[in-house]
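Reader: Can you walk me through this one? I'd like to start with how the strands line up.

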Amino acid sequence: MRTGVVAVALALLVLAPLRPAHAQFSFDARRYGMGGVSLSRDGNARRFNPAYRALKTNSRTSGTPKFSIPIPIGLIKFFKDHPINQLGSDPMFDPKSTAFNPFALTNLIFNPPIFYEVKKSPTPTNNVEFTIGKNQLIMNLGGSRVLIPEQDFGIGSTSRLFDAGAGFGGFHFGVMGFLQYNVSFTLDSALRRALTDTVTGVRPGDTLSLLSNAVAQGGLAPTVGFAGRLTHGADPATDDGLYLGGAVHYYLGATYGRLTGPAQILVGNPIFGTTPAAGVNDTLRTSNKANGRGVGGDVGLVWVSGPFEVGLGVNDIGAELTWSDTKLQHVTYNTATGNLVTTLDTNHVETKTKLPLTYMANAALRMGTGTTVGGDVVNSGRGTIIHVGVEQRTGPFALRGGVSRDQRKRMQFGLGGGLRLGPIGLDVGFFTHSNSLSTQRAITMATAISIY
Amino acid sequence: MKALTAALLVLVAACGQGRVILNVDVLSFLAASDSVKSFSVLGGIPQTDSTVSRQFFLPPGFGKSSVDSVTATAAAALICTGGGGNVRFDVFFSKTQGSVFTGTPYLTASSGPLVAGDSVSLLPPTSVSLADTVFNTDTLWVGIRARIATNVGPNMTGRLRLQDLHLRIALQDKLF
């Protein structure tokens, strides 16, 4: 079991760079220093807004590097604290260790130690008390109680794993890989009361339910797109004008699965008259073959006027996939054997799924005095993220700052600076985040070398 | 049957690196007839026992946890309505019913010499046991024993009422 936990944790660490991509973050320290906003026409803008294909990436965006190379100071410290040849017995990964803290491990997964943690978010370490009588069960989670979610919680995103192709004359032909997943859980009122109410706690005869809704689908999508300039400014040599882009995708779904239903604890009356029973009554839909088919599209607009630029891109419009061969199963809990039992309900039936609409709106103003202000609003499938940032360049120096509102609707802050010496620059960005299982913000320092 | 319940409770308990503390009202698991015992014992009997044992439950899932400490407290009231003698009040805990009354009691208190009309409170000193594997389980047995020695003369009659019996079990929980 320990080996499995370590393996999973390490696999997640390896995959962790994907997560910043989902959150529309990058390894660009400049971006971190501006609260997460990107002031350049980078891949993130093109991913959401096909009109950006008609604009040059670096045109008139002075100070935009060709690429950034992250300096993984966090990894150096991590492997110093957790020697790679001792990970198997490391208390962080060893549930049998008395020092093992599942929250610390979760925080590590949520916040991969690529960059240096200036201030770590504290993990709860309080005692947990159960008050038990024949007809009484009260759980006092202490300071950890604030972590019990009041609304649904989970993870989800719509990603384009790759987007390869070529084009001419404004047209673009290619194929992209898509992956959409959303896993959400909701605690019903009885379960939430059981976990948070230190006076009443669990009531006799309660049914404590954890409602789950998990969906995942992925595949390939051949794509035809067009991006062009509709209007010019006074000087056609500049980027001024209105740009329009669009793309049509033919989705070829490879696999699909959806699990919905409750996991329950049936409390006895009296509560400890007998051992509480557990129940699962879920519905599982899965594809039998890689046969999802559907059509959807992206549209985008960009308007550039002198120092001002604004864009809006919307993805997966009308994207509905029809899976012609799926099966419906019921998942129940066998109280006698303690095992989950799957029974087939219907097979070879058609199921339709939708990809959530995702979008990004962005704006930037280059003031001509070395100052650039920008912001964006991004929804990649689970909540809206807002970034606003500013960069001031003076000679070889740059000063940056920004704020953002994350998916949990918490304000975050960024501050950074940079030094450019010819074709090479060094950038540092500090940013706060609340991705951890903690009520307090952590501060991370990102460092990167930029190549101009 | 209890896997999900155990998983939830253990995950709840895993909210941090601290300990899991179970405050158990053992008295609540006893029937009214268990917590009040009347007795009538012939005079001149050097030792006789009146006992009751009952099973009670702990939250499932902590079987693999290590027990740091167990603190037991109890209180009882004894009324002597006839005759005279001594009563010793003992409390035992065990994983199985068959072994409840073997070994040393966790709590013990003696009434001292009693005569008809006496009423005493029995307040055994709080006991603390460390790393006690008896409590490494989901179900436990509690045993209450009144060990009676009577004076020569009329029958000793009276009533023992258990007023409080609590356990505080501190566990170092293990997830797997």
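Reader: Which residue in E11(B) stands opposite Thr73(B)?
Author: His166(B) in E11(B) stands opposite Thr73(B). This is a predicted model, where local features need pLDDT of at least 70 and side-chain atom pairs count only at pLDDT 80 or more, while totals for chains, interfaces and linings use all residues. Residues are numbered from 1 along each chain as written, chains are lettered from A and ligands numbered from 1 in written order, and side-chain values use heavy atoms, without hydrogens and water.

Reader: How many bridges join E4 to E11(B)?
Author: 15 bridges join E4 (residues 66-82) of chain B to E11(B), and the two run antiparallel. Strands pair if DSSP finds at least two bridges between them.

Reader: What about E1 and E2?
Author: E1 (residues 20-25) of chain B is joined to E11 (residues 156-172) of chain B by 6 bridges, antiparallel. There Val24(B) stands opposite Leu167(B). E2 (residues 36-41) of chain B also has 6 bridges to E11(B), again antiparallel, with Ser40(B) opposite Thr157(B).

Reader: Zooming out, what pattern does chain B follow along the sequence?
Author: The order is α-β-α-β-β-β-β-β-β-β-β-β-β, from 2 helices and 11 strands. Those are DSSP runs, numbered from the N terminus: helices are H or I with at least four residues, strands E with at least two.

Reader: What share of chain B is buried?
Author: Buried residues (under 20% relative accessible area, 1.4 Å probe, protein chains only) make up 52% of the 176 residues in chain B.

Reader: And contacts?
Author: Counting contacts (heavy atoms within 4.5 Å) in chain B between residues at least 6 apart in sequence, 86% join residues at least 24 apart.

Key:
Buried means under 20% relative accessible area, exposed over 50%, partly exposed in between (1.4 Å probe, protein chains only).
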